[in-house]
Amino acid sequence: MKKAGIIRCLNTEAMCPGTSCFRVAKEGKACFSEVGPVEVIGHVTCGGCPGKEILPRALKMVEKGAEIIALSSCMVNKAPGGKYFSCPFLPQIKEMLESAIGDKVTIIYGTH
Ligand code: SF4
């Protein structure tokens, strides 16, 4: 089973414990269907706009064994019914993560 780290939006932290992210990760469903069931080794926030802690936190999770970094649905608006808004900084965040760790890990955009 591969290991994954999940990064979520700080703004949704107060209203969501991440239950659906953990469920689909364990089951290898929804956005995890391309990699199968995973062990979640970290579940962190972006650190606040404009994603100021994303890179160091992603790097730390890679250091701790993450083979997959998943940006949660609350960042990329992949929840059923468009429940969440998209992060306005997503294009820059994607570019930063792809250039820094895109050759080391699989990056998944969305969770459930
Ligand atoms: S940078 Fe994006 S993901 Fe992070 S708190 Fe701001 S809106 Fe949410």
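Two strands are said to pair if DSSP finds at least two bridges between them, and helices (H or I, at least four residues) and strands (E, at least two) are themselves DSSP runs numbered from the N terminus. The structure is a predicted model, in which local features need pLDDT of at least 70 and side-chain atom pairs count only at pLDDT 80 or more, while totals for chains, interfaces and linings use all residues. Residues are numbered from 1 along each chain as its sequence is written.

Four strands form an open sheet with parallel pairing, in the order 2-1-3-4. Strand 2 (38–45) and strand 4 (106–109) are the edge strands, each pairing on one side only. Within the sheet, strand 1 (residues 2–8) and strand 3 (residues 68–71) run parallel and are joined by four bridges, and G5 stands opposite I69 in strand 3.

Helix 2 (residues 54–63) lies across strand 1, strand 2 and strand 3, where contact means that the C-beta atoms of two residues, placed from the backbone, lie within 7 Å. Helix 2 runs at about 165 degrees to strand 1, an angle taken from 0 to 180 degrees between N-to-C directions, with axes as lines fitted to C-alpha atoms, for helices over the stretch in contact.

F22 lies in helix 1 (residues 19–27).
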